[in-house]
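Work through the exercises below with the sequence and the coordinates at hand. Each task is followed by a stepwise solution.

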Amino acid sequence: MWSVFKGTALFSLAAFLCIALTPPAQAKTISSRRDAAVSADEWKSVLGGENDAECSDLAVIFARGTFDKGNLGPWVGRPFYDALVAKAAGVKIAVQGVSAQDYPADLAGYVEDGGSESCAESLGRTVQEYVSRCTKSRVAIWGWSQGALCAHKSLGKLGDAESNVIALGVFGDPVGIWQDSIDFPAIPQGTELLIYCEKTTPDPLCANPLEDFPHDPVAFIDRLKDIWEEMDETHMNDAQRQAVKDIIVELPKQALAQVGHLATDVAEGHQRRWMLTPQHFWYGIDGKVSAAADDLVRVYKKAVSA
């Protein structure tokens, strides 16, 4: 499995580097202070009611995945931001991550809520506030991993802002392995669903896994840790390499704190919910974010020409 996984990474490296090295001046962005590796706060001036705040043509909000730092995270959110800036020539975009204060992106929110409820509340509230001040802006809601579940849930919390939402985009969406436990809101009419799932080297949260995991909960956690310790970091940036180190510590620690949930899920046949393997984290490296940026620009142009 790992030889296939590494081969896919090498095949897509050229595409990833093309995205990463493209000058961001190709798109007009609403500038604001942000950590270049893991965050974006480009809705801040509008949300803060600043007199010179500038509304965007396309307002994008992103919910990061479990264990991600900042409000975008290094694995998918930040690479997607870079890809979108490179692709959206002539479009004034503003990207915002869901508040890290409202949404800690921890394992508890994932396994206890099936995607953090506080994330969904924050995302919906933030979209409503932005649209109340920028009534003509088109909005795209995005998420990866637990953030994808948050994005789905937020659709029921948009109020009148729902009509401004042109796209729901999800990477590694676990909704299929949670929908027997959670009633997710329907996709609103006029909102296009954009889905990206790694199937060549399967992402267990949205495709059938290649490897069986132990049924003993502690052995299950140990296997996950071993996989991450064997991870090839060759094609990662510095923020992603640091994230691997953090996951090797945080994943077993947080999983052991939820071992009762894990035991129940294994007994009920829901162990895929816990298979947070590296394949699930690869969307910012394998070219999927570039395809997603292209798709979002297409949806935006269709919306403005309608």
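The model is predicted: local features need pLDDT of at least 70, side-chain atom pairs count only at pLDDT 80 or more, and totals for chains, interfaces and linings use all residues. Residues are numbered from 1 along each chain as its sequence is written, and side-chain values use heavy atoms, with hydrogens and water left out.

**Exercise 1. Describe the protein as a whole.**

Step 1. Count the elements, taken as DSSP runs numbered from the N terminus (helices H or I, at least four residues; strands E, at least two). The protein has ten helices and six strands.

Step 2. Find the buried share, where buried means under 20% relative accessible area, exposed over 50% and partly exposed in between (1.4 Å probe, protein chains only). Of the 306 residues, 55% are buried.

Step 3. Take the contacts (heavy atoms within 4.5 Å). Among those between residues at least 6 apart in sequence, 81% join residues at least 24 apart.

**Exercise 2. Determine how helix 8 packs against helix 7 and helix 3.**

Step 1. The axes of helix 7 (residues 217-229) and helix 8 (residues 238-257) come within 10 Å and cross at roughly 180°.

Step 2. Classify the angle: under 35 degrees is roughly parallel, over 145 roughly antiparallel, 65 to 115 roughly perpendicular and the rest oblique. Helix 7 is therefore roughly antiparallel to helix 8.

Step 3. List the residues that meet. Helix 7 contributes Ile221, Leu224, Lys225, Trp228 and Glu229, and helix 8 contributes Val244, Ile247, Ile248, Leu251, Pro252, Ala255 and Leu256.

Step 4. Sort them by class: Ala, Val, Leu, Ile, Met, Phe, Trp, Tyr, Cys and Pro are nonpolar, Asp, Glu, Lys and Arg charged, and the others, Gly among them, polar. The contact of helix 7 with helix 8 has ten nonpolar, no polar and two charged residues.

Step 5. Repeat for helix 3. Its axis lies 9 Å from that of helix 8, at an angle of about 150°, so helix 3 and helix 8 are roughly antiparallel to each other. Pro74, Trp75 and Pro79 of helix 3 touch Ala239, Gln240, Ala243, Val244 and Ile247 of helix 8. By class, this contact has seven nonpolar, one polar and no charged residues.

**Exercise 3. Characterise two of the aromatic pairs.**

Step 1. Apply the criterion: rings of Phe, Tyr and Trp (its six-membered ring) pair if their centres lie within 6.5 Å; planes under 30 degrees apart are stacked, over 60 edge-to-face and the rest tilted. The whole structure holds 14 aromatic pairs.

Step 2. For Phe62 and Phe80 the centres are 6.2 Å apart and the planes at 35°, so the pair is tilted. Phe62 lies in strand 2 and Phe80 in helix 3 (residues 73-87), so the pair ties together parts 18 residues apart in sequence. Both Phe62 and Phe80 are buried.

Step 3. Trp142 and Phe171 also form a tilted pair, 5.5 Å centre to centre with 35° between the planes. Trp142 lies in strand 4 and Phe171 in strand 5, so this pair ties together parts 29 residues apart in sequence.

Step 4. Link the pairs. Ring pairs join Phe62, Phe80, Trp142, Phe171, Tyr196 and Tyr283 into a cluster.

Terms used: Axes fitted to C-alpha atoms, helices over the stretch in contact; angles between N-to-C directions.
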